[in-house]
Amino acid sequence: MTTLINIELFKIFKKWRTYIGFIAVALLVLLIQLAISISGRDVTSGLTGQLSDSFIMVGNLLNGYFVSYMILNSIIINIPFLIVLVAGDLLAGEATAGTYRILLTRPVSRFQVVLSKFLTSLIYSYMLIFWLAILSFVVGIILFGTGELIVLQNGLIIFAKDDIIWRFILAYLMAGLSMCTVAALAFFFSSLVENAIGPIVTAMAIIIVFAIISAIPIDFFQTIKPYLFTNYFFSWRLFFDDSLNFVEIIKSLSVLLGHILILFGITAYIFEKKDILT
Amino acid sequence: MNEEKVIEILGLTKKFKNLIAVNDLDLTVYKGDVFGFLGPNGAGKSTTIRMMLSLISPTSGTIKIFGKSLLSDRKYILKKVGAIVEKPDFYKNLTAYKNLSILGRLSMGEVSRKKIMEILELVGLEKRYKSKVKTFSHGMKQRLGIAQALLHDPDLIILDEPTTGLDPQGMKEIRDLLVLLSREKGKTIFLSSHILSEIEIIANRMIILDKGKEVVEGKVSELLNKNKLKVTFEVDDNNSARKILEGTVWQDKIYSSIDNKIVFILEPEDISSLNKLFVENNVAVSAVIPTRSLEEYFLNITEKSI
């Protein structure tokens, strides 16, 4: 299985489209960091607002932690569009290129093939989040230094310096898991067709529709909202509550993992039964 | 002949909605055979090969390779099989070397650089090992296809029209290679083609498939029996010619007679005797066209399929 995953990773990193995600994330992060460095304290004053009238704010509030939080908050909704470019191509791309014929005539089970490709899509999703973390966190700290983290989450919360890193690690892991759901969705569509464009566009369309439904304040939509995976794109924020809400965290993990497992299960079944005609 | 069965197919059928691509096919290939799998385009050859490699599942029937069921022992079988299925497609953005390296690792776990270079040399691509496959011509891809099929030294080689797209010299080289693999290395070769002459040169046994059904199966030497020919004599005067033949042994050998063409079923040595008879009796013969009956039949079904 390790060999198969290595081969799949090698194959995807030989494709130009794989780097689009990394380039886009780098550009966005650096752009936001540049904008923040130009805007300076105006960015944090929006949060502290009237509090500044009653309290004296000391220390470096506009720091690398705050910038990283802002970046994750701003661009997590856009990363799915970068992930589907790769995940949607993993199966359909082989069909388009006709390479199933050389791949599936090797002494490797179809389940191993589909599992290795799926795991590759998950690894890619986490790599993209890791890249986002490195750029926003490390570069953020270099550019803006460290300090207390101030966030607006059911009220204004200020975290002490030594109470921040673990929250970010868990937040990035949770954000990665929500991106894995996106990868699983695109991967599922990729198993249905023989051209990568279809799965990419369909997965993007579903994310957009679900995101819109989640945002519309109508009772019916609010009823189904908890079942939509897009609703959990911001679950990483749960790690920035003053005291962690474990019920919500477990619920989020369950919904995201449930989506991933169910989508992979269906994909594996389809792939096992599929006649390779390309 | 060694009677160890390498491939045994029984009642193989594949239906795609309303189309029956392969219909109740029985087929046996023995160890050391170069087995010709002949049929016009659309006869069901590639569908059969895809089923033999578990790329598609049969609607009914069984496939046994090396005495084991493809359904239950797929991995064991594929370890010992090298194949080209239809046109050779590879990872275009990777080099020829890297493609073989990946495929070798999937087949054998690990494959040495020496082994890959040996195979590339065998198919004449050693100088292009660093080139990306997207820069290859169809013929070069075909050669690389053969290389990947031979890379893990398989006992059974399944080749789906391997000479398509090659120039005459390339075709000859591949045929020579197949003969070498069969005679000197004892490989069993299952060779699909729509060219009868190609099968005739290489194969010892063959089957002809048409519209998914077996037409004929047997030894090539028997099926293409050169002792019985259908020979067309084109004469200037059919009536005179028929009169000369009356009461002779030749009359019973007439197959058909239309216009100025009289078709006989003859032994090869009869042709000159009959020609002499016509000439001595002042019947001008403008052409003598020998055709083997199976060849004619195959040409007919091939033409119909175009």
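User: Which residues in helix 6 of chain A meet which residues in helix 10 of chain A?

Analyst: This is a predicted model. From helix 6 of chain A come A:Ile79, A:Pro80, A:Ile83, A:Val84 and A:Ala87. They meet A:Met179, A:Val182, A:Ala183, A:Ala186, A:Phe187 and A:Ser190 in helix 10 of chain A. They are said to be in contact because contact requires C-beta atoms within 7 Å.

User: What makes the residues of this contact nonpolar, polar or charged?

Analyst: The sorting goes by residue type: Ala, Val, Ile, Met, Phe and Pro are among those that count as nonpolar, while Asp, Glu, Lys and Arg count as charged. The contact of helix 6 of chain A with helix 10 of chain A divides into ten nonpolar, one polar and no charged.

User: How do the axes of helix 6 and helix 10 of chain A cross, and is the crossing left-handed or right-handed?

Analyst: The axes of helix 6 (residues 79–87) and helix 10 (residues 165–190) of chain A come within 8 Å and cross at roughly 40°. The crossing is right-handed. It is called that because the near helix is turned clockwise from the far one.

User: How many residues does each chain give to the contact between chain A and chain B?

Analyst: Chain A gives 19 residues and chain B gives 22 residues. On the side of chain A, helix 1 (2–12) and helix 8 (100–103) each give two or more residues. Helix 1 of chain A gives the most, with three residues. By type, this side of chain A has eight nonpolar, five polar and six charged residues.

User: What share of chain B is called buried, and why that word?

Analyst: Of the 306 residues in chain B, 40% are buried. They are called buried because each has 20 or more other C-beta atoms within 10 Å of its own.

User: Where are the domains of chain B, and how far apart are their centres?

Analyst: The domain assignment gives domain 1 (5–218) and domain 2 (229–305) of chain B. Their C-alpha centres lie 41 Å apart. The secondary structure of chain B comes to eleven helices and 14 strands.

User: How confident is the predictor in chain B?

Analyst: Chain B averages a pLDDT of 87, and 95% of the residues score at least 70. The scale runs from 0 to 100. Where pLDDT is low, the predicted coordinates should not be read in detail. For the model, ipTM is 0.79 and pTM is 0.83.

Key: Residues are numbered from 1 along each chain as its sequence is written. Chains are lettered from A and ligands numbered from 1 in the order in which they are written. This is a predicted model: local features need pLDDT of at least 70, side-chain atom pairs count only at pLDDT 80 or more; totals for chains, interfaces and linings use all residues. Domain bounds come from an automatic or database domain assignment. Two residues are in contact if their C-beta atoms, placed from the backbone, lie within 7 Å. Helices (H or I, at least four residues) and strands (E, at least two) are DSSP runs, numbered from the N terminus. A residue is buried if 20 or more other C-beta atoms lie within 10 Å of its own, exposed if 12 or fewer, and partly exposed in between; C-beta atoms are placed from the backbone. Axes are lines fitted to C-alpha atoms, for helices over the stretch in contact, and angles run from 0 to 180 degrees between N-to-C directions.
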